[in-house]
Amino acid sequence: MVADPEPRRRGGAAGRASLTRRPPAERVIVALDVPDAAAALHLADRLAGLARLYKVGSHLFTAAGPEVIRAVRARGAEVFLDLKFHDIPAVVAGAVRSAAGLDVAMLTVHAAGGRAMLAAAAEAAAAGGRDGGRRPTLLAVTVLTSLTAEAAREEVGLARPLPEQVLHLARLARGAGLDGAVASAQEARALREALGEDFLLVTPGIRPAWAARDDQARVLAPREALAAGADYLVVGRPVLAAPDPRAAFERLLTECGP
Ligand code: C5P
């Protein structure tokens with residue numbers, strides 16, 4: 001059993017300070033971007049004793065369901081359920097309760113669902129804690145980084161420039177009681193500066209110098225992302241696609257330090 005990624009309280013200043021003292025293995029989340037439970041658990045077994053946190057997204061979850069979460073938890077690791085809930089408040093609250101029932105450590109909702117939806121999610125997460133289970137850390141997704149400025153304006157109809165919209169939604173989420181946000185490593189510094197210490201930042205788009213960029217346009221090395229204010233890093237292909245995922249993950253952990 002590993003330390004609770006962020007215990008029953010919001011990621012306050014003291015919370016972040018203690019987080020930054022934790023070993024890199026408790027701050028790097030391996031994205032299980034694989035098609036089925038067999039592939040996910042094969043990877044978890046290869047990283048046994050080393051990786052403590054895994055992200056389960058909609059690809060794997062739609063194929064493998066809650067059972068894969070139980071199987072990862074049975075291996076002593078924590079789960080970040082990244083299903084980006086976005087629906088009416090009652091439905092999102094139900095989904096958050098279900099996730100809390102699976103004992104996930106972290107989960108995501110879309111901040112674009114609005115204040116009422118975010119507040120309902122935060123209340124449901126807190127109730128998960130009250131029922132004897134752990135209160136999951138609730139993270140907002142702001143603007144998908146795959147969206148270009150032009151698509152945001154012309155297709156989605158966003159009036160604000162993207163960086164302002166990201167900040168606006170992160171503030172909305174914080175005001176509604178969420179614990180933090182998922183943000184690209186490149187956005188981390190601006191968000192940290194604007195939002196202060198009282199907000200968790202989970203950042204994908206991490207690439208050590210030795211890894212391919214894949215389809216990530218804007219990347220940061222692990223050490224740079226942590227220095228920019230990231231609390232947790234999400235890493236997929238640099239580990240998953242490596243000839244030896246365990247060696248790649250070990251190497252990545254050594255690159256989180258000063
Ligand atoms: O393979 P890679 O390290 O690029 O994987 C990054 C993970 O982070 C994937 O699971 C992807 O869905 C997620 N992600 C991302 N960029 C975002 C948000 C999430 O790459 N802006």
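Which residue in β7 does Val182 stand opposite? Select Val182 and look across to β7: the residue there is Val202.

This is a predicted model, in which local features need pLDDT of at least 70, side-chain atom pairs count only at pLDDT 80 or more, and totals for chains, interfaces and linings use all residues. Residues are numbered from 1 along each chain as its sequence is written, and side-chain values use heavy atoms, leaving out hydrogens and water.

Next, select strand β6 (residues 180-182) and strand β7 (residues 200-203). They run parallel and are joined by three bridges. Strands count as paired if DSSP finds at least two bridges between them. Helices (H or I, at least four residues) and strands (E, at least two) are DSSP runs, numbered from the N terminus.

Now show the strands of the barrel. Eight strands close into it with parallel pairing, in the order β1-β2-β3-β4-β5-β6-β7-β8.

Move on to helix α8 (residues 162-175) and helix α9 (residues 185-195). Their axes come within 11 Å and cross at roughly 50 degrees. Axes are lines fitted to C-alpha atoms, for helices over the stretch in contact, and angles run from 0 to 180 degrees between N-to-C directions. α8 and α9 are therefore oblique to each other; angles under 35 degrees count as roughly parallel, over 145 as roughly antiparallel, 65 to 115 as roughly perpendicular and the rest as oblique.

Select the side chains between these helices. Val166, Leu167, Ala170, Arg171 and Arg174 in α8 meet Glu187, Leu191, Ala194 and Leu195 in α9 (contact means heavy atoms within 4.5 Å).

Finally, zoom out: the protein has 12 helices and eight strands. Its C-alpha atoms fill a box of roughly 45 × 40 × 35 Å, taken along the principal axes.
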